[in-house]
Amino acid sequence: MSLEIKPKPRFSILRMIIWGLSWLALPIGIVVLAYLVAGRSISEKTATAMLLPTGLLCWFPLVYGVKTLLHGKIRTALIPIFLGLFSYVVSNPIVSSTVVKSLESKYPPIDFENIQPFNSIVVLGGGTWAGPNKLAHLSGAGDRVSFACRLYHLQLTKKIMVTGDPLRGTAKDDYLDASKQAKRILIESGVAASDIVEIDGTNTSEEMLSLKECDESIKGKRCGLITSAFHIPRAMRLAHAVGLDLVPIPTDFHATNSPRSFSDFIPSSNAYFGLELALKEYLAKLIGR
């Protein structure tokens, strides 16, 4: 009996090129479409987005699913195709903007020219963070603190109340305290320390209960409530639940009214983040928080 030795398959550059194109055809096609529709600048941004984790989580499972489907494995292909489509939907700027806008549109932005003065304003925590040097910095929601500072220097408020305690079980260092971070930034921006009051609370519900105890500063007076626009509906709902009559001052808007462009169809981590913020608000409303 003779032992037949099968020849090793020859390395084929053409085969490797075809294999590579089978994986890259979708992202390359999207980049080319971006170039034809919107020009070089957008196509370069699109190419970058396709190579970042958010983009990879969209097109890689889709391509794998389609390749599996072409091999006749229909059931096996459904899972990666679903994951790819799901990743695209939750990271799509249009979807994110639509959901966020459903919250932000409930309270219009403040017009500085027509705004009436406040006796005091409340700035909910979340607009600051502590850097490696333990200094206070404005975070992505820093518009909350800067807006309060602008109102103060325009003499539209006499007092600023800041909130935000560290979560229970975390370190108690002052530099991690959101209210102290906001206070420090406000003082460094020219707000008198005597015009700043710190309010206790690790979440919005607790902050509203603490505010209710400040009758001398709020009751019968015009008091504004500053927080991110997507968070305003929940903050106002919780304020009304404890009998507080506050004037909503939305800041830190995420949704825009700009015309749609090709970029709005490209997956983005910012879109994913915005959608997550909005869904968190709806979840809080569902469980009564």
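User: How many helices and strands are there in the chain?

Analyst: This is a predicted model, in which local features need pLDDT of at least 70, side-chain atom pairs count only at pLDDT 80 or more, and totals for chains, interfaces and linings use all residues. Residues are numbered from 1 along each chain as its sequence is written, and side-chain values use heavy atoms, with hydrogens and water left out. Helices (H or I, at least four residues) and strands (E, at least two) are DSSP runs numbered from the N terminus. The chain has eleven helices and seven strands.

User: Is the chain a compact globule or more spread out, and what is its radius of gyration?

Analyst: The radius of gyration is taken over C-alpha atoms, and the globule rule is 2.2 Å times the number of residues to the power 0.38. For 289 residues this rule gives 19 Å, and the chain lies well over that, so it is more spread out than a compact globule, with a radius of gyration of 26 Å.

User: Which element gives the largest share of the lining of the largest pocket?

Analyst: A pocket is an open set of points on a 1 Å grid over the protein atoms alone, where a 1.4 Å probe fits, with protein on both sides within 12 Å along at least five of seven lines; lining residues have an atom within 4 Å of a point. The largest pocket is lined by 31 residues, and α7 (178-188), α8 (204-212) and α11 (269-286) are the elements that give two or more of them. The largest share, four residues, comes from α11.

User: What is the volume of space in the second largest pocket, and which element gives the most to its lining?

Analyst: A volume is the space filled by probe spheres set on the grid points, which are joined across faces, edges and corners. The second largest pocket holds about 400 Å³. Among the 18 residues of its lining, Pro93, Ser97, His254, Thr256 and Ala271 are the closest to its centre. With five residues, the element that gives the most to this lining is α5.

User: Is aspartate 177 buried or exposed, and which residue's side chain does its own side chain join in a polar contact?

Analyst: Aspartate 177 lies in the loop between β4 (160-163) and α7. Buried means under 20% relative accessible area, exposed over 50%, partly exposed in between (1.4 Å probe, protein chains only); aspartate 177 has 8% relative accessibility and therefore counts as buried. A polar contact is a pair of N or O atoms within 3.5 Å; within protein, one must be able to donate a hydrogen and the other to accept it, and residues adjacent in sequence count only if both atoms are side-chain atoms. At 2.6 Å, such a contact joins the side chain of aspartate 177 to that of serine 179.
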